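Hi,

Here is the structure I promised to pass on. Have a look at it first, then read my notes below.

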Amino acid sequence: MNIDLILKYFPNLTAEQKEQFAALDGLYRDWNAKINVISRQDIDALYEKHILHSLGIAKIVSFKPGTEILDVGTGGGFPGIPLAILFPMADFHLVDSIGKKIKVVQEVSDALGLTNAKAEQIRVEQLNTTYDFVVSRAVTRLKPFLGWIRYKIHKAGNNDRPNGVLYLKGGDLAEELAEVPDRYRVYDLSDYFDEPFFETKKVIYVPKK
């Protein structure tokens, strides 16, 4: 699978965006050989399991120019880097507590020429800035995650949805969501993407109270 999979669902990319998405395969193969941020069996499915999965968030909110987004526990740069390519006028702060992962994120971002993505090795609890949205991909159960970022989201926003959390998760979430006191909405990515991989994949949207 390659960039054609991205174009299937996001056909209106600019020439620069197409080049950036196409470059991800070589960049991640190169860096993954040095610093393992993607499992060996997943690297051949990069466009499906990592890039398109990250872009599932874009099916729920289309970030307007000037939107500020925090990617918590970004790992190798997901979902932040694909979203930063797709929304070049929004600002992304990609954080992880593991320095070698942030090195990969920074190197990939620099190679792509992304000017709207900043990578930083820091624990989310240490951040004293606020954002319109917090995005993440299954770093922990949702209830403790919401505790980490509760004061990281500011109230005012200019997007079509209120500011909040957009959390990528898979599997049966009934027990996990039963713990969450906040109101939320679950979006099935199988409604947007045809591939079998997405049958159990979801975006959980938790608007700021």
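What follows is a short tour of what turned up.

First, some ground rules: this is a predicted model, so local features need pLDDT of at least 70 and side-chain atom pairs count only at pLDDT 80 or more, while totals for chains, interfaces and linings use all residues. Residues are numbered from 1 along each chain as its sequence is written, and side-chain values use heavy atoms, with hydrogens and water left out.

Let's start with helix 5, residues 99-112. (Helices are DSSP runs of H or I with at least four residues, strands are runs of E with at least two, and both are numbered from the N terminus.) How far apart are the end C-alpha atoms of helix 5? They are 20 Å apart, which agrees with the 20 Å that its 14 residues should span at 1.5 Å a residue; the expected span is 1.5 Å times one less than the number of residues.

Ile-102, Val-104, Val-105, Val-108, Ser-109 and Leu-112 of helix 5 are buried. (Buried means under 20% relative accessible area, exposed over 50%, and partly exposed in between, with a 1.4 Å probe and protein chains only.) These residues cover an arc of only 155° around the axis, so they sit on the same side of helix 5; the arc is that of the directions from the helix axis to the C-beta atoms. On the other side of helix 5, Lys-100 and Ala-111 are exposed. The cover over the buried residues includes helix 2 (15-34), helix 4 (80-86), strand 2 (91-96) and strand 3 (117-121). After helix 5 comes Gly-113, with a positive phi near 75°.

Val-105 also turns up in the surroundings of Gly-76, which touches Tyr-28, Val-37, Ile-81 and Val-105, not counting residues up to four places away in sequence. (Contact means heavy atoms within 4.5 Å.) Gly-76 is in the loop between strand 1 (68-72) and helix 4, and it counts as buried because its relative accessibility is 5%.

Pro-79 is in that loop between strand 1 and helix 4 too. Look at the bond between Phe-78 and Pro-79: it is a cis peptide bond, with omega about 10°.

Next, the database record. Under "binding site", an unreviewed UniProt entry lists Gly-73, Phe-78, Val-124, Glu-125 and Arg-137. (The positions use the numbering here, feature names are shortened, and annotations may be inferred rather than shown by experiment.) From this set, Gly-73, Phe-78 and Arg-137 are in the lining of the largest pocket. (On a 1 Å grid over the protein atoms alone, a pocket is an open set of points with protein on both sides within 12 Å along at least five of seven lines, and lining residues have an atom within 4 Å of a point.)

Is Arg-137 buried, exposed or partly exposed? At 22% relative accessibility, Arg-137 counts as partly exposed. Arg-137 lies in strand 4, and a polar atom of its side chain is 3.1 Å from the backbone oxygen of Lys-49. Val-124, in the loop between strand 3 and strand 4 (133-137), is buried, with a relative accessible area of 5%.

Ala-138 lies in the loop between strand 4 and helix 6 (142-149).

Cheers

Note on methods:
On a 1 Å grid over the protein atoms alone, a cavity is a set of points where a 1.4 Å probe fits but cannot get out, and a pocket is an open set with protein on both sides within 12 Å along at least five of seven lines; lining residues have an atom within 4 Å of a point. A polar contact is a pair of N or O atoms within 3.5 Å; within protein, one must be able to donate a hydrogen and the other to accept it, and residues adjacent in sequence count only if both atoms are side-chain atoms.
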